[in-house]
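This report describes a ligand site and the pocket around it. The sequence and structure come first.

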Amino acid sequence: MKSKAIYPGTFDPFTNGHLDVLERALNIFEEVIVVIAENSQKHALFTIEEREVMTKEITGGYLGVSVEVLHKGLLADYARQAGAKSIVRGVRQVKDFEYEFQMSLLNRQLYPEVTTVFLMPNVKYTYVASSIIKEVAMLGGDVSKFVHPCVLEMMHQKREELNLKHL
Ligand code: PNS
């Protein structure tokens, strides 16, 4: 049986840091499902459909990668149904760890066969977070080093949409 993992996140938007983690996951697992989910503690800039479009475009050339959307329900249930026994999460800094530790143990409580695997991105991405990328981009800053051109384009469109709304 092929080794299968899920790589869940809000991906709002998908950054080069996320791609770096995905590439590392592909060195370990034959199949990785990128699962775009909602985080009840965050308000997303992009709709889940927009995030799906960008993530599919970015990862389309990678063998063994698929992109799925979790509209509602628990990630642990999704992993069980998908037959994935590993959850991949990227950790950039020690401060990420408290939240990750809590999520990992909760997911294990809900689905005892699942193990969360933490991967560190390249050091050049340790300060790259979707939240900060969005903030800089929405204020007109250059984030082209941190995201795929399709994300740049979608952020540009989003900025125009939001500016129009506030006119
Ligand atoms: O990129 P994020 O925002 O850190 O990802 C968090 C995410 C989406 C993986 C988490 O909020 C999640 O798993 N949401 C799905 C619902 C769920 O299972 N919540 C309980 C997590 S212990």
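This is a predicted model: local features need pLDDT of at least 70, side-chain atom pairs count only at pLDDT 80 or more; totals for chains, interfaces and linings use all residues.

A polar side-chain atom of asparagine 39 is 3.0 Å from a ligand oxygen atom, and a polar backbone atom of glutamate 38 is 3.2 Å from a ligand nitrogen atom. A polar contact here is a pair of N or O atoms within 3.5 Å.

## The shell

The ligand is surrounded by 14 residues, the closest being Thr10, Asn39, Lys42, Leu75 and Arg89; a residue counts as near if one of its heavy atoms lies within 4 Å. The shell divides into 6 nonpolar, 5 polar and 3 charged residues, with Gly counted as polar and Tyr and Cys as nonpolar. Helix H4 (residues 97–110) gives the most to the shell, with 4 residues.

## The largest pocket

The space taken by the ligand is the largest pocket, which holds about 1,300 Å³. Of its 50 lining residues, the closest to the centre are Asn39, Lys42, Arg89, Tyr99 and Met103. A pocket is an open set of points on a 1 Å grid where a 1.4 Å probe fits, with protein on both sides within 12 Å along at least five of seven lines; lining residues have an atom within 4 Å of a point. H4 supplies the largest share of the lining, 8 residues.

## Basis

Residues are numbered from 1 along each chain as its sequence is written. Local features need pLDDT of at least 70 and side-chain atom pairs pLDDT 80 or more, while totals for chains, interfaces and linings use all residues, and side-chain values use heavy atoms, without hydrogens and water.

Conventions: A polar contact is a pair of N or O atoms within 3.5 Å; within protein, one must be able to donate a hydrogen and the other to accept it, and residues adjacent in sequence count only if both atoms are side-chain atoms. A molecule sits in a cavity or pocket if more than half of its atoms lie within 2 Å of its grid points. Helices (H or I, at least four residues) and strands (E, at least two) are DSSP runs, numbered from the N terminus. Grid points are joined across faces, edges and corners, and a volume is the space filled by probe spheres set on the points.
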